[in-house]
Amino acid sequence: MSHDLRDLVRVDRLIHEPARLMIVAILYAVKSADFLYLRRETDLTKGNLSSHLSKLEQAGYVEIEKTYKGKIPLTVCCLTETGRKTFEEYRQQLKKFVENT
Amino acid sequence: MSDLPERAIRRTRSYWYIDGLAEINFGFLLILLGLKFFVQTSTPPGSKLENLLNYGFLVIVIGFVFTTSWLVRVAKERFTYPRTGFISYRRKPMDLRAWVFTVLIALASILVGSVLYALFQVWQSALDWLPIFQGFFGVAIFLPLAYLNGLRRFYLLAAFSALLGILFALVEVTGWSLMVLYYGLFGGGLVVSGGITLWTYMTQTSTTQEESNEP
């Protein structure tokens with residue numbers, strides 16, 4: 001196996017999944033985003049999005065806070081420092097692989 | 001797949017402009033500037049009003065910016081976030097490199113402004129080029145914004161600003177008239193662009209019960 005393919009095989013599989021990659025990329029660009037924004041941007045169903053967010057939260061990449069804005073419930077998500085660093089590494093690996101192909 | 005994260009990041013960063021409110025805000029600020037120049041042309045030199053316009057205008061602008069920024073935030077909370085969701089942007093602390101860059105840009109702006117001023121003093125026919133420089137103002141703001149955020153309408157706004165500059169150069173509009181017309185028209189263009197964007201956004205989105213914020 002070539003060196004580049006070996007690097008690609010080592011990417012974080014949790015982030016590499018397209019739906020989770022979208023979620024993490026969106027959260028990387030901001031301080032926090034609510035559930036409604038993530039749902040509209042990823043076009044995932046509520047259940048799907050919840051499931052992906054749970055996996056990211058269990059891995060320590062995302063923090064989820066359930067709060068209220070007035071009387072309206074609000075679920076706000078943000079990337080942890082671990083999640084941010086892991087995504088940055090992922091981007092570097094992918095960029096290196098694409099450049100060398 | 002490789003550019004999926006980049007596209008998502010870019011799209012998220014441009015969310016601030018989705019409803020056109022920022023453009024409407026900036027447009028009204030430019031119209032205010034145009035109004036200031038218009039009033040100044042009909043003000044007797046040395047009058048109290050002229051002094052107020054010269055020395056007090058900065059205070060008026062700062063007050064306007066704070067008020068309208070607050071209004072934009074309130075409007076977003078009322079109309080935008082319930083429709084398409086809420087995001088909070090990161091504020092990166094300025095490191096030494098960012099501070100050095102900011103100071104260099106400020107110094108370069110002062111240098112360019114001084115050189116242009118000296119040029120216009122010495123070379124009167126250079127004033128004919130003033131409208132082109134004025135048109136460049138809008139290009140300098142909206143072209144980078146268009147590229148960074150991938151928003152086509154910002155390319156159109158940059159082109160509109162350049163077109164105004166060229167038009168005023170061709171019909172030889174300079175001095176206060178140039179300032180009044182440029183800021184009035186470009187500001188008006190921004191308000192129209194922002195208004196169309198807001199109308200499109202409001203008609204294409206809704207705050208239905210399905211769009212709830214709970215998983």
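B:Thr68 is buried, its relative accessible area being 13%; here buried means under 20% relative accessible area, exposed means over 50%, and partly exposed lies in between (1.4 Å probe, protein chains only). This residue sits in helix 4 (residues 57-84) of chain B, where helices (H or I, at least four residues) and strands (E, at least two) are DSSP runs, numbered from the N terminus. A polar atom of the B:Thr68 side chain lies 2.8 Å from the backbone oxygen of B:Phe64. Such a polar contact is a pair of N or O atoms within 3.5 Å; within protein, one must be able to donate a hydrogen and the other to accept it, and residues adjacent in sequence count only if both atoms are side-chain atoms.

A word on how to read all this. You are looking at a predicted model, in which local features need pLDDT of at least 70 and side-chain atom pairs count only at pLDDT 80 or more, while totals for chains, interfaces and linings use all residues. Residues are numbered from 1 along each chain as its sequence is written, chains are lettered from A and ligands numbered from 1 in the order in which they are written, and side-chain values use heavy atoms, with hydrogens and water left out.

Let us stay in chain B for one more residue. B:Phe37 belongs to helix 2 (residues 21-41) of chain B and is buried, with a relative accessible area of 11%. Along the chain, B:Phe37 and B:Trp176 are 139 residues apart, yet their C-alpha atoms are separated by 6.3 Å. Leaving aside residues up to four places away in sequence, B:Phe37 touches B:Trp176, B:Met179, B:Val180 and B:Tyr183; contact means heavy atoms within 4.5 Å.

Now turn to chain A. It has 6 helices and 3 strands, and along the sequence they follow the pattern α-α-α-β-α-α-β-β-α. Its C-alpha atoms fill a box of roughly 55 × 25 × 20 Å, taken along the principal axes. Of the 101 residues in chain A, 45% are buried.

Among the buried ones are A:Leu21, A:Ile23 and A:Tyr28. At the start of helix 3 of chain A, a side-chain oxygen of A:Glu17 comes within 2.9 Å of the backbone nitrogen of A:Ala19.

Next comes the sheet. Strands of a sheet pair through backbone hydrogen bonds, either parallel or antiparallel. In this model, 4 strands form an open sheet in the order 2(A)-3(A)-1(A)-1(B), with antiparallel pairing; two strands pair if DSSP finds at least two bridges between them. The edge strands, each pairing on one side only, are strand 2 (62-69) of chain A and strand 1 (87-88) of chain B. Strand 1 (residues 32-34) of chain A is joined to strand 3 (residues 72-79) of chain A by 2 bridges, and A:Ala33 has A:Cys77 as its bridge partner. Between strand 2 and strand 3 of chain A there are 8 bridges, with A:Thr67 partnered by A:Leu74. These two strands form a hairpin with 2 residues between them, and A:Gly70 in the turn has a positive phi of about 70 degrees.

How do helix 4 (residues 35-42) and helix 5 (residues 46-58) of chain A meet? Their axes come within 10 Å and cross at roughly 110 degrees. Helix 4 of chain A is therefore roughly perpendicular to helix 5 of chain A. Axes are lines fitted to C-alpha atoms, for helices over the stretch in contact, and angles run from 0 to 180 degrees between N-to-C directions; those under 35 degrees count as roughly parallel, over 145 as roughly antiparallel, 65 to 115 as roughly perpendicular and the rest as oblique. On the helix 4 side, A:Phe35, A:Leu38, A:Arg39 and A:Thr42 meet A:Lys46, A:Leu49, A:Ser50 and A:Leu53 of helix 5 of chain A. Helix 5 of chain A also lies across strand 2 and strand 3 of chain A, running at about 120 degrees to strand 2 of chain A.

Our last stop is A:Glu99, in helix 6 (residues 81-100) of chain A. Is this residue buried or exposed? At 55% relative accessibility, A:Glu99 counts as exposed. A:Glu99 and A:Asp43 are 56 residues apart in sequence, and their C-alpha atoms are 30 Å apart in space.
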